[in-house]
Amino acid sequence: MLRLNDILQKVQTYHPDADVDLIKKAYVYSARAHQGQVRKSGEPYLIHPLEVSGLLADMRLDEYTISAGILHDTIEDTVATEDEIRQLFGVEVCDIVSGVTKLSKIPYNTTHEKAAENFRRLVVAMTKDIRVILVKLADRLHNMRTLEHMKAEKQERIAQETMDIYAPLANRLGIHWMKAELQDLCLRYLHPKDERELREKLGLTEQARTSYIDEVKSVLRKKMDENEIPCEVQGRVKHLYSIWRKLKDQGINFEELYDIVAFRIVTDSIPHCYEAFGHCHATWRPVPGRFKDFIAMPKPNGYQSLHTTVLGPGGQRAEIQIRTHEMHKVAENGIAAHWTYKEGKNNVQEKGRETFSWLRQLMEHQQELEDPTEFLSSVKVDLFGDAVYVFTPRGEVKELTQGATPVDFAFAIHSEVGQHCSGAKVNGRMVPLRYRLKNGDTVEILTSPNQRPNKDWLGFVKTSKARNRINHYLRLEQHERAVGLGHEILERELKKYGKSLQKILKAEGLKPVMETRHRYHKQEDVLAALGYGKLTASAVLKRILPEEVLEKGPKDVAPKSRLSQLFSAVAKKSSNGITVQGIDDMLVRFGRCCNPVPGDPIVGFVTRGRGVTIHNMQCDKAMALDPARRVDVSWDQKSDVTRTVQIRVITDDRPGILATISQTFTGAGVNILNANCRARKDRRAINDFMVSVKDASQLRSVLRSIEGLSGIHTVERIQA
């Protein structure tokens, strides 16, 4: 168990002038506030904030952050108040604790929209003070270390959120050791069987691997000594998740994977880095295409190193990283490596603003996008994507997401350039707009005043900025069309009563509709809702025409138009288990792209003439649809409808395994509607099942059961 004195000693080793009394005071306050509270493990609750502050001390952070780490749960979980924290510990500590508390307000089992909104808050808090996210990351890491005390379903949910958000954030902040540990812990709970098997296989080959590491290190040390390059030579096994990811991406067995060890040369200067690199290639044959120079072109999080892969002893691949001591410090601790203590102040905020320009980009995204789920979707692209570096004709470097195209480049230059992009030259040659840019390309954008974004661009752009701006333009176009259609519908209906829409609009006669439907802020919004089909003309007429006029009825009742018939179809009863904005008699259909099941977070979109289409909240196609057409939907808890889901199981190709899987489905009460099984050349089989399930909980349960069977490699739900 970590003690307060251990934390104080750590802090004083790197910050002798730290106000340790502030940390002691925070400890006493936290101990009193959490008195009597216990964690799921049965341990005193105080252990958690102490461990969190210990992690912050490992990152060599200031006394205000350490104190905030000890206090981070007091406002949320005890009777402590923000005002009390501010009075006792000052504004700086209070702001960090308050920021972390706001990020923790929403529980894990909440809706996808709220989780997305929570992430938006995280980005805002992070841009104000980077220490908020550092405390949150330390909090999440310790929670992941003790996740075994939670129920299986909660373990999976927390691990998935960690994999989606917190591990990529640790990576973007450059804290490599934390990213690696978070990913390994997530693997344990998301793919427990794979994790156990991989550990066992690594254990069986440990002796041979240790011998190989010692041999390569010995050769590297000798070569560096001969050439008088002062350095440390390190060898290690890559972390578990990165090995697992490589196996999945390449579709190979563990026995076929050779480059699971990596070596590092840490020297004293940049010239020595390049010299050491040359000697590595002179000693062993380099693998083509595997050299990366992150010294000349650092990653956005400040990471610098030379990377190369060589065919080492016995023809085995060995990855080698070469960097200076300062680069190594930044590589391991990221932004925390910039913390320096001079005259009682630290310079990390200023340094962070210079180094982490991507934070400003995230902030721009959150200001541009009103919809939090869309924001979360776009930010994931920025967090996960590897970078490609290209040049403008003037020689300026632009960093884009891997696989980016000239259209992405155009929007990175300016929204106007992107909007009017009609062609592109790469290295002086004309290329298609779909062309994937490579490191070092020089890109020139050709524009035309008549060019406008089109929907096809969404099929190949990679950066969130380009995607968001294209979607924004297309939605404006759709909105204008919807307003025009709504105008036409309402004008036609009003004529039946001898009324003029133009006069009503001049007199702001649609205000009664806006007052009852608070989402409509302008008369134009009402017309757009009519055009989209979210409002009916009869509902609007009831609000804007006097009762006596409505009682008389229309002067000339014409037969229903085809459009009216299509809209009236929306009111037909459908036993689909969906409630639309509290009404359960709407005509709905389910998006084939994501095929949601009861329990999945869902969202509805009005589709003219076909009612409401239901999508999974995390569906990429749903995120590309116009938010103006979105309606609130929920699963009808009383309904007992079942949904079909496609599941893919990759297994060993051996007799009896299909029968075992079928028995598992039957035992879980899941009906198999269709099965398609085929063998591969690598002695594995792909088994696709179309099954009928009651809800997402039943689906998760049966997937876990199948994953635990012998001879199963992967189990996944397939989207169309």
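Q: What makes two strands count as paired?
A: Two strands pair if DSSP finds at least two bridges between them. Strands are DSSP runs of E with at least two residues, helices are runs of H or I with at least four residues, and both are numbered from the N terminus. The model discussed here is predicted, so local features need pLDDT of at least 70, side-chain atom pairs count only at pLDDT 80 or more, and totals for chains, interfaces and linings use all residues. Residues are numbered from 1 along each chain as its sequence is written, and side-chain values use heavy atoms, with hydrogens and water left out.

Q: Why are strands β20 and β22 called paired?
A: Strand β20 (residues 643–652) and strand β22 (residues 684–693) are joined by 10 bridges, and the definition asks for at least two, so they are a pair. The two strands run antiparallel. Within this pairing, Ile650 stands opposite Ile686 in β22.

Q: How do you know that β20 also pairs with β23?
A: Between β20 and strand β23 (residues 712–718) there are 6 bridges, and the pair therefore meets the requirement of at least two. The sense is antiparallel, and Val649 stands opposite Val715 in β23.

Q: What makes β15 and β18 edge strands?
A: In the open sheet of 4 strands, the order is β15-β17-β16-β18, with mixed pairing. β15 (588–590) and β18 (630–631) each pair on one side only, and they are the edge strands. β15 pairs with strand β17 (residues 612–616) in the parallel sense over 3 bridges, and Ile614 in β17 is the bridge partner of Phe590.

Q: Why is Ser67 called buried?
A: Buried means under 20% relative accessible area, exposed means over 50%, and partly exposed lies in between (1.4 Å probe, protein chains only). Ser67 has 0% relative accessibility, so it counts as buried. Ser67 is placed in helix α4 (residues 63–71). With residues up to four places away in sequence not counted, Ser67 touches Leu22, Ile23, Ala26 and Val93, where contact means heavy atoms within 4.5 Å.

Q: Is His307 buried or exposed, and what is the value behind the term?
A: His307, in strand β5, has 13% relative accessibility and therefore counts as buried. Leaving aside neighbours within four places in sequence, His307 is in contact with Arg290, Phe291, Lys292, Phe294, Ile320 and Gln321.

Q: Why is β6 described as largely enclosed?
A: Of the 8 residues of β6, 7 are buried, so the strand is largely enclosed by the rest of the structure. β6 pairs with β2 in the parallel sense over 6 bridges, and Thr267 stands opposite Thr324 in β6. Strand β5 (residues 306–311) is joined to β6 by 6 bridges and runs antiparallel to it, with His307 opposite Gln321. In the hairpin of β5 and β6, Gly314 takes a positive phi near 75°.
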